[in-house]
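Visitor: I'd like a close look at one spot in this model, please.

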Amino acid sequence: MTQFLQQLINGLSIGSVYALMAVGYSLVYSIMNFSNFAHGGVIMLGAYFGYYYLTAAGLPFPAAFIGAALTTCLLAVIIERGAYKPLRERKAPFLYFIISAMGTSIFLENMVIATIGPTFRSYPEVLSRTPIQIGSVSVGRLDLTMFFISAICLALLVFFIDHTKMGKAIQATAYNIKASALMGINTDLVIIVVFALGGFFAGIAGVLFGMKYTVYPQIGIITNKSFIAAVFGGLGSLPGAVIGSILLGIIETITSGYFSSQYRDLIAFVLLIAVLVFKPSGLMGKVTEDKA
Amino acid sequence: MLKVENLNVYYGGIHALKGVSLNINKGEIVTIIGSNGAGKSTLLNTISGFLKYKEGTISYKEEKLPINPNKVVKLGICQVPEGRLVFANLTVEDNLMLGAYLRKDTKKIKEDLEKVYTLFPRLKERERQMAGTLSGGEQQMLAMGRGLMSDPELMLLDEPSLGLAPLLVQTVFDIILDIRKMDKTILLVEQNAYKALSIADRAYVLEQGRIKMEGSAKEIAENPLVQEAYLGAKV
Ligand SMILES: Nc1ncnc2c1ncn2[C@@H]1O[C@H](COP(=O)(O)OP(=O)(O)OP(=O)(O)O)[C@@H](O)[C@H]1O
Ligand SMILES: [Mg+2]
């Protein structure tokens, strides 16, 4: 039982970071209907920026953290302007967007390899490694931090989407971009905001991931799992992305806890395929049909 | 108020509007009738700033209209699109409030919301319901109410009676007359030529991208060619 609780808590913590990444995929998908594979590259850069802000720049942790998030926020917007906006203006088919996204992702990864190099780097020890004892369960300080920071970010995001004018505009644009423009919504601005939000959370997730594991150019590949989680939950749906991520995190830690960590990714992929076979729109897929 | 001159619009190689000219005066109901594919929606979408055009001009209150949907809304022109396009994932009230997206006058917005609810009591009863769960007729009312929330001077209505039961069609046309009384000018695009001509002041007949006829609604309704093609009369 103790071991189960332990795994559950670890799963929640890793799942909540997946959720931070997954909402970035989902937000973009909900409006532009394509999977933004450049997102993994942005997360990777977030981990690097956090690392250098802490080490080279010597910033205190909170400043490095926010700094990394703001940097990737800007970066995500630059990617949108450079790689997707020209395609949107030409009304390119969605396949072009995916190709452009993949190209950007490969570019970012190789740019890091070419400039910084392929070596693994570990974050300095910001949080003490001694776990906190809650009853019989011991919880890592980092795991707790990951969970709380992610939960706060997600709560803020939900509030923003549900209770602000821009949030409603995002929901409207996700449903129908033409009708939104007819309301006077600047849909181009909505797209910028969506990339900015995704980029900001990517930075936070990148730093948390970097602290948990290490930083290296291919870390974006791990972030593919958050994409799996987003598809699992239903691409385009925010609650779907969060629920899918938490479930994936828990399934992963339970698998590695009770079987072997080598099966972890295998199970994640089998799960994705199974969901796609039985429910192609995911657990809470976006509803797109119009009622005439 | 709105003046379209020699407008030509293309979709790639398809020449959808061929030298269309028309004008609308303040306070009028002007209707454009035409069959499927005549170019009616293309015309409204061009006015609304969705489609680029190379030849021709569109001016509103003597100034060139920008080719940019949100600027067009800001100038007081709103379109209620074909097929309604209500935001199914949002509540009725959210939909209406999105209509007022560009407005800042909170007090006036509240008043206008009440006006819309008076005009469409059904919407008031369903204000917290998701728009996607409304019936087709209710969605049409929501789309019109949402358009009114932008406090437009000119409303472009694209086939508001499409797919509605006869009784509801009548309701929709009655409502258009009510909207005119709210000091709005209306450009009404319809396939239901009979009803449209019965409430309009003036009319244009659009065929294959060309204006074929124009005149007072009465003249057009009495024209034998129109009667045969659009009103189902045998000549
Ligand atoms: N996005 C598009 N791409 C290419 N051709 C288009 C597009 N939209 C419309 N057309 C073509 O332009 C012509 C005019 O279409 P439009 O939608 O304006 O007609 P309409 O009068 O509104 O018809 P309906 O009464 O069926 O709504 C048609 O021949 C149509 O096939
Ligand atoms: Mg049409």
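Visitor: What is the relative accessible area of A:Ser26, and is the residue buried or exposed?

Guide: This is a predicted model, where local features need pLDDT of at least 70, side-chain atom pairs count only at pLDDT 80 or more, and totals for chains, interfaces and linings use all residues. Residues are numbered from 1 along each chain as its sequence is written, chains are lettered from A and ligands numbered from 1 in the order written, and side-chain values use heavy atoms, leaving out hydrogens and water.

On to your serine: A:Ser26 counts as buried because its relative accessible area is 1% (buried is under 20%, exposed over 50%, partly exposed in between, with a 1.4 Å probe and protein chains only). A:Ser26 sits in helix α1, residues 2–32 of chain A (a helix is a DSSP run of H or I, at least four residues). Setting aside residues up to four places away in sequence, A:Ser26 touches A:Ala230, A:Gly234, A:Leu235, A:Gly236, A:Ser237, A:Leu238 and A:Ala241, contact meaning heavy atoms within 4.5 Å.

A:Ala47 belongs to helix α2 of chain A, residues 38–54. Leaving out neighbours within four places in sequence, A:Ala47 is in contact with A:Tyr123, A:Gly206, A:Val207, A:Gly210 and A:Val215. Then there's A:Thr72: 25 residues from A:Ala47 in sequence, and 9.7 Å away in space, C-alpha to C-alpha.

Definitions and conventions: Helix = DSSP H or I, 4+ residues; strand = E, 2+ residues; numbered from the N terminus.
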